[in-house]
Each structure stands twice: as structure tokens, then as C-alpha cells.
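Subject: Handover of a structure and a summary of findings

Dear colleague,

Please find below the structure that I am passing on to you. After it, I set out what was found in it, one topic at a time.

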Amino acid sequence: TRLIADRWTMLIVRELLIGATGFNAIHRGLPALSRTLLSSRLRYLQRIGVVEPQGPAAVGTRREYRLTNAGLALRPVLEALGVW
């Protein structure tokens, strides 16, 4: 329930579904979301198995994110909310 109840989490998933993969690209799609909160939500989504990081985590390198199968399964939910 927390996944859907959170204000920003489903919007982050939406950004990933429409093709944003990098932290900055996700943030550009959600400019009102603080970078700190985005980072926290991405860690949460990783913990629950919706998102997985791709690429290096070293300082100065670009890390990308992709939806897991569980994350991709949220597409119909987001589409239904969009129609509603």
C-alpha cells in the first residue's frame, strides 16, 4: 500500500516507464521533487524490487535505473489512473 499511497513514488515509476533512466532525467520530469527525496524514493523502490540500478556507483559516474518486471507490471495501474 505504501507504494501507491506515496505522493511521488508512482510519478517516479511513470517517469521510468516513459523512458527516463538517469537521475537527472527523472528529476527533470518532476521538478517540484527535491533531489534528496528522489534519491530516497529510488532507494525505497530498489528495496522493494521495483527498480534496479544499472551502471557504476562510483563518484562522478552516471548511474541509470530501470524497472524490474514488478515495476513494469505497474504500467496498467498508471494507465488506468491516467484515464480516471
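This is a predicted model: local features need pLDDT of at least 70, side-chain atom pairs count only at pLDDT 80 or more; totals for chains, interfaces and linings use all residues.

Overall architecture

The protein contains six helices and two strands. The protein has 84 residues, of which 36% count as buried. Among the contacts with a separation of 6 or more, 45% are accounted for by residues 24 or more positions apart.

Helices α2 and α4

Helix α2 covers residues 9–17 and helix α4 covers residues 35–47. Two packed helices are described by the angle between their axes and the distance between the axes. Here the angle is about 80° and the axes are 10 Å apart. An angle from 65 to 115 degrees counts as roughly perpendicular, and α2 and α4 are therefore roughly perpendicular to each other. On the side of α2, the contact is made by Thr9, Ile12 and Val13; on the side of α4, Leu38, Arg41, Leu42, Tyr44 and Leu45 take part.

Is α2 enclosed or open? Seven of its nine residues are buried, so α2 is largely enclosed by the rest of the structure. The buried residues are Thr9, Met10, Ile12, Val13, Glu15, Leu16 and Leu17. Just after α2, Gly19 adopts a positive phi of about 115°.

Salt bridges

Side chains of opposite charge can pair when their charged atoms come close. How many salt bridges does a search of the whole structure find? The search finds three.

One of them joins Asp6 and Arg41, with the closest N and O atoms 2.6 Å apart. Asp6 lies in the loop between α1 and α2, and Arg41 lies in helix α4, so the pair ties together parts that are 35 residues apart in sequence. Asp6 is buried, with a relative accessible area of 15%, and Arg41 also counts as buried, at 13%.

Another links Arg14 and Glu15, where the closest N and O atoms are 2.7 Å apart. Arg14 is partly exposed at 33% relative accessible area, whereas Glu15 is buried at 7%.

The side chains of Glu52 and Arg66 also meet in a salt bridge, at 2.5 Å from N to O. This pair links distant parts of the chain, with Glu52 in strand β1 and Arg66 in strand β2, 14 residues apart. Glu52 is partly exposed at 26%, and Arg66 is partly exposed at 41%.

The strands and the loop that follows

Gln54 lies in strand β1, which spans residues 51–54. Its C-alpha atom is separated by 5.0 Å from that of Glu64, ten residues away along the chain. Leaving out residues up to four places away in sequence, Gln54 touches Arg63, Glu64 and Arg66.

Thr68 is found in the loop between β2 and α5. At 13% relative accessibility, Thr68 counts as buried. Apart from its neighbours within four places in sequence, Thr68 is in contact with Gly49, Val50, Val51 and Glu52.

A surface patch

Val77, Leu81 and Trp84 form a nonpolar patch on the surface, with about 380 Å² of accessible area together. Trp84 belongs to the segment after α6 and is exposed, with a relative accessible area of 84%.

Yours sincerely,
A colleague

Note on methods: Residues are numbered from 1 along each chain as its sequence is written. Side-chain values use heavy atoms; hydrogens and water are left out. Helices (H or I, at least four residues) and strands (E, at least two) are DSSP runs, numbered from the N terminus. Contact means heavy atoms within 4.5 Å. Patches are made of residues with over 30% relative accessible area and no salt bridge: like charges are joined within 9 Å, nonpolar side chains (Val, Leu, Ile, Met, Phe, Trp, Tyr) within 5 Å. Accessible areas come from the Shrake-Rupley method with a 1.4 Å probe; for residues, only the protein chains shown count as cover. A salt bridge is a side-chain nitrogen of Lys or Arg within 4 Å of a carboxyl oxygen of Asp or Glu. Buried means under 20% relative accessible area, exposed over 50%, partly exposed in between (1.4 Å probe, protein chains only). Axes are lines fitted to C-alpha atoms, for helices over the stretch in contact, and angles run from 0 to 180 degrees between N-to-C directions. Angles under 35 degrees count as roughly parallel, over 145 as roughly antiparallel, 65 to 115 as roughly perpendicular and the rest as oblique.
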